[in-house]
Amino acid sequence: MSARRIGVLAWKDFDEAIRSRTLWASSAFLGALLGFVVLTTLIRPALSARELLSLFAVPVVWFVPIVSLVAGYVSVVGERKSGSLKLLLGVPVSRADVLLGKIVGRSGVIVVSVAVGFLVAAALSLVVMGSVPLVGLFGLFVATAVLGLVYASLAVSVSALSTTRNRAMIAAIGLYALFNLVWSGVTRLVASPVTGAFSPTGAPDWYLFARLLSPSAAYARLLHGVVGVDVPIPDLGMDGIPVMALLGARESVPVYLSGWAMLLVLAAWICVAAAVSYLRFRDADLG
């Protein structure tokens, strides 16, 4: 594995995303989405900086994972099916180089797309509202870029583990549903044999931590605890546990439930996704 080869492959993947219009489509969508949010403030009463940033965060927490998964789920399997992956591996690059290059390249696409969306939001906010909460907006951008990196890594990993485009697409949809719709139900189902019954306000701390292990939930907690932005966890709430309300009502929480700890959770998702997919991709028959 070589940092130089990974950089070359990442740039190649980023360039292909430009030529295939993936970058333009992602940037245009996020720019239009956040631009629309700004325009909705015209029919709202005056908003504080925190309320405006929360208004941005609500669609972001739902749609950035979608954009990231769509941008990445065919990144490896597409080249595998076309045969270009075999040609690429014919030159002196390893499968680890290819996988990490794809992750870095697609992550770059998402970071640029998120940056474009936030630049549009900042410019329109200045025009419509006459001011921009620059510090808070920058913090929200950084946290959102990290969320995009996590889902881009998951998408590339799913692509590396799949043998067809359809399987990669189904896996990407499944990941989105798991982390953004049913994580609370899955957590309660897995934990029930250990915890037994407890009231919605009596959830143990370790259970709250398990609820925050979803990348999207970790992002919401990171925003609340570090950036000072309130956004609901994207989930169907199948266990009835108001995680954010319980944590917000406390004067202090264990360090592993803090907003800063969520950065480690998000970083862990990137590392775990890359490691698991490499172990399978390393010995996969690319036939």
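Which residue lies over the face of phenylalanine 281? Some notes for a first look, starting with that one.

1. It's arginine 95, placed 5.8 Å from the ring centre of phenylalanine 281. Keep in mind as you browse that this is a predicted model.

2. On to rings meeting rings. The count of aromatic pairs comes to nine. One of them joins tyrosine 151 and phenylalanine 179, with 6.5 Å from centre to centre and 75 degrees between the planes, an edge-to-face arrangement.

3. Now try phenylalanine 209 and tyrosine 256. Their ring centres are 5.6 Å apart and their planes stand at 90 degrees, so this pair is edge-to-face. Phenylalanine 209 belongs to helix α10 (residues 205-211), while tyrosine 256 sits in the loop between α12 (243-248) and α13 (261-281), so the pair ties together parts 47 residues apart in sequence.

4. Buried or partly exposed, then? Phenylalanine 209 has 26% relative accessibility and counts as partly exposed. Tyrosine 256, at 35%, counts as partly exposed too.

5. Last, go back to tyrosine 151 and phenylalanine 179: ring pairs link Tyr151 and Phe179 with Trp183 and Trp269 into a cluster.

Definitions and conventions. Residues numbered from 1 in each chain as written. Predicted model: local features only at pLDDT ≥ 70, side-chain atom pairs only at ≥ 80, totals over all residues. Heavy atoms only, no water. Phe/Tyr/Trp six-rings, centres within 6.5 Å; stacked < 30°, edge-to-face > 60°. Helix = DSSP H or I, 4+ residues; strand = E, 2+ residues; numbered from the N terminus. Buried < 20%, exposed > 50% of the residue type's maximum accessible area, 1.4 Å probe, protein only. Lys NZ or Arg CZ within 6 Å of the ring centre and 35° of its normal.
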